[in-house]
Amino acid sequence: MHDSDISHSRRGVLKGGSAAVFAAFVGPIVAMASRVAEASTCVPGTASTLGASPYGPVAPVNDMTTGLPLIQLPAGFSYKSYGWTGDVMSDGLLTPAAHDGMGLVRTRKVGRSTEIVLVRNHERSYSTSASGILGAGKSSVAKHDIGLTGTNYQAGGTTNLVFRDGNWVESYASFGGTYRNCAGGSSNWGSWLTNEEIRTNAVSSTGKRHGYVFEVPADTSMTAANTDPILDMGRMAHEASALDPDTGYWYLTEDQGSANTLYRFRPTDLDGGLNSLHSGGVLQGLRVKNVMNADLRLPTLCQEFEVEWADIANPDQDGATLASVVGNVSASGPYLQAYANGAAIFGATEGCWVANGTVFFTDKQVTSNPIRAGRIWALDLESNVLKAIFVSNDITVGNSPDNLCVSPRGGILFNEDGSGSGLNASGQTISVPAQRLMALRPDGSSYEFANHNFNFTAAQLTAAGKPNVAAGNRRNTEWAGSVFSPDGRVLFVNLYTPGITLAITGPWAKGTL
């Protein structure tokens, strides 16, 4: 076990134009400190509850781009859709499907205009044809692997989007040849870490492996994405990555059921900058102090644990079956080593975000015995105290929280990725009409901010200019990739299915977001 004192190395790692982006967040996010402190009003031993939204009830709102009521929002909010699956992008390629994690990587002035660049993941897996590789036919699109794994090609990757003065203006393919690009995280030097969600020991026909983290720049016409993985960040079923700008350390999650922990990556090069992470570093797993392999799947609301970090000697080690304290589980190489050194066990860690010295991350696992429907944790980086700030044992309170983000005003928003039916706190099986965007209150309760509302006929889609989009009810498919603009005026978010990106605006100051 190796752990360094974080406090002595706290420092900014701002570079270039990213300093302006970070500065825009620093002041408002300080509010999160007091909001998290107020969570002491919750009662240990109880689970979270559902409350009324400070923004008011939701109702269908027409998209300003197509006129279709794609989502339900509170009064006063509006949105513009962009980048539907199958839409022609600025580079002539078709927009890929499966819009997942997304991050804001650059904000800058272009003349009198304010321009925002986002990178969007596409959680596609395999294609039986090389034409299914994201960016196929474009040599300008960097690709990690163009070989076959078995009989399939890797179809995942990323696209970059440009939003200027309240309008969508451009999108293009930026990286391909990867598998199931699920979540990731933004650096503060103008790039996005795109993460593969797969635990595999397979090697492709070109000698490439998968389950890695890659870096995609804000403008790939100037600098192509590096096709080499960041090996020291581990080979595993990656979810999110989140940078602590005070230390230069990254925090990572892994969606490998009951065989995962929170990871910390301490880069060798703490100054940051494009490709700096390829210089290597130390990967570590979280463990509860003085408790070997603590099972953290069933905390009570506001329960706390003192934690520390265990080194992982070989981040690229093959995975295998692990005989754990919760039974046999399929574990990645990094987790096998972390577990051997006492790492904690979570259900399925997903979203991750760092704000004001706190790491927020989700556990989306849903089970019926015992009843559980998701958790959100907060790790204070100064005290090394981990706290369960949201505990859902009822799908109406929170239905499998996946991606999450913190707004510039300090509010926590999480994206549901649950089932259309499940258990409430009484153990009754109930149905839910749609997946939601949910927000947290300081006391650990939740409220509904938005509902998925995609349920259209082929005629409606054709009339809206989307004749190639599959008709039907998609309301119980996930939200993903939520992130606010630096000034807090715009929420960017994805409807994973059918694959649409939204820019939502409205009276944010009325509530906690």
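Modeller: Buried means a relative accessible area under 20%, exposed means over 50%, and partly exposed lies in between, using a 1.4 Å probe and protein chains only. This is a predicted model, in which local features need pLDDT of at least 70 and side-chain atom pairs count only at pLDDT 80 or more, while totals for chains, interfaces and linings use all residues. Residues are numbered from 1 along each chain as its sequence is written, and side-chain values use heavy atoms, with hydrogens and water left out.

Colleague: Thanks! Why does W168 count as buried?

Modeller: W168 has a relative accessibility of 12%. That value is under the limit for buried, so W168 counts as buried. Y82 passes too, because its relative accessible area is 19%.

Colleague: Which residues do ring pairs link into a cluster?

Modeller: They are Y55, F77, Y447, F449, F484 and W508.

Colleague: How do you know that strand 3 and strand 37 pair?

Modeller: Two strands pair if DSSP finds at least two bridges between them. Strand 3 and strand 37 (residues 500-505) have five bridges, in the antiparallel sense. One example is S81, whose bridge partner in strand 37 is L502.

Colleague: Why do strand 3 and strand 35 stand at the edges?

Modeller: They belong to an open sheet of four strands in the order 3-37-36-35, with antiparallel pairing. Strand 3 and strand 35 (479-484) each have a single partner strand, so one side of each has no neighbour in the sheet.

Colleague: What joins strand 21 to strand 22?

Modeller: Five bridges do, and the two strands run antiparallel. V354 has V359 in strand 22 as its bridge partner. Two residues lie between the strands of this hairpin, where N356 takes a positive phi near 55°. Strand 21 (residues 349-355) is mostly covered, as seven of its seven residues are buried.

Colleague: Now the loops. Why is M64 called exposed?

Modeller: M64 has a relative accessible area of 54%. This is above the limit for exposed, so M64 is exposed. M64 sits in the loop between strand 1 (58-61) and strand 2 (71-74). Leaving out residues up to four places away in sequence, M64 touches S78, Y79 and K80; contact means heavy atoms within 4.5 Å.

Colleague: Why is T95 called buried?

Modeller: T95 has 5% relative accessibility, so it counts as buried. This residue lies in the loop between strand 3 (78-82) and strand 4 (99-110). Beyond its neighbours within four places in sequence, its contacts include W84, R120 and H122.

Colleague: And what lies 2.8 Å from a polar atom of the S392 side chain?

Modeller: That is the backbone oxygen of G398. S392 is in strand 26 (residues 385-392). With a relative accessible area of 0%, S392 is buried.

How values were computed:
Phe/Tyr/Trp six-rings, centres within 6.5 Å; stacked < 30°, edge-to-face > 60°. Polar contact = N/O pair within 3.5 Å; in protein donor to acceptor, adjacent residues only side chain to side chain.
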